[in-house]
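Biologist: Could you take a close look at a single buried position for me, and walk through its surroundings step by step, from the strand that carries it to the packing around it?

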Amino acid sequence: MAAVSDSAELGAPRGPARPEPPPTRFHRVHGANIRVDPSGTRATRVESFAHGVCFSREPLAPGQVFLVEIEEKELGWCGHMRLGLTALDPASLAAVPEFSLPDLVSLGHTWVFAITRHHNRVPREGRPEAEAAAPSRPPALLVEPYLCIEQFRIPRDRLVGRSRPGLYSHLLDQLYELNVLPPTARRSRLGVLFCPRPDGTADMHIIINGEDMGPSARGLPATQPLYAVVDVFASTKSVRLVQLEYGLPSLQTLCRLVIQRSVVHRLAIDGLHLPKGLKDFCK
């Protein structure tokens, strides 16, 4: 995804000179315990809890989100998936390190963070510490179809992970009512991207279920190719890539937003005279 020109509004449609980024895939170089499916979109750690480091097949474009959904969990291990960026070419590695933290990071030019329930933002020099405060969580009913991160505008709908709707889920699980998954839960969606700055550096942002966690690292070399890093570590066993479209929101997304704005609570969608599949999609 290319940056929007200064004269254009944020998220304005891109012309022919701004092509859609290619679909994201996992690199053929990965940890010893990782198996990537033939499509290159699903990575599974087949044994142990380590040697699960994966990379994007191609360097990311500015503003392009490398988005994964947690498909499988494995009980008995402590710790969760790690996510970040590296300026190291995976094909140049003599061997993929056992861990992204600290092994891969210690090689230099790599910025990786463990996904937790809380995430720290990096304040800019000279700015008050309040800038580092965690952003407020989006409301349960999404009223803005885009997530805006610096100069980029990304359709929000596919960024958000959702637990499978059930008739009585709201009686047992508060997360159903709020439509908020814990970052490390199954079906949670986690993404990473970088945003170039005028000084030739870039800020790295991590997205958790449609929420921008703010700059996780600053000063990345924007002029160098930057690959995504996903460490399928410990209790995270399998992840799959989610493809994004960076143009206008789909008709389905727009219809969903209209329906959501018409009800006082997301559970009221059950009472609408709509097909069940459409009701589930609107939740």
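**One residue and its surroundings**

Modeller: Leaving aside its neighbours within four places in sequence, valine 230 is in contact with Gly52, Val53, Cys54, Phe66, Val68, Met81, Arg82, Leu83 and Val239. This is a predicted model, and in it valine 230 counts as buried because its relative accessible area is 1%, where the cut-off for buried is under 20%.

The residue belongs to strand β12, which spans residues 227-231. That strand takes part in an open sheet of four strands, ordered β3-β12-β5-β6 and paired in antiparallel fashion; the edges are formed by β3 (53-55) and β6 (110-114), each of which pairs on one side only. Direction ignored, neighbouring strands of this sheet are turned by 20° against each other on average. Between β12 and strand β5 (residues 82-86), which run antiparallel, there are five bridges, and leucine 83 is the residue that stands opposite valine 230. Glycine 84 lies 6.8 Å from valine 230, C-alpha to C-alpha, although 146 residues separate the two in sequence.

Turning to the packing, the largest nonpolar core has 30 residues, of which Phe66, Val68 and Val239 touch the most other members. Strands that each supply at least two residues of this core include β4 (66-73), β5, β12 and β13 (236-242), while the largest share, four residues, comes from β10. Valine 68, for its part, has contacts beyond four places in sequence that include Phe26, Met81, Leu190, Val230, Val239 and Leu241.

Key: Residues numbered from 1 in each chain as written. Predicted model: local features only at pLDDT ≥ 70, side-chain atom pairs only at ≥ 80, totals over all residues. Heavy atoms only, no water. Buried < 20%, exposed > 50% of the residue type's maximum accessible area, 1.4 Å probe, protein only. Contact = heavy atoms within 4.5 Å. Pairing = 2+ DSSP bridges. Axes fitted to C-alpha atoms, helices over the stretch in contact; angles between N-to-C directions. Core = buried A, V, L, I, M, F, W, Y, C linked by side-chain atoms within 4.5 Å.
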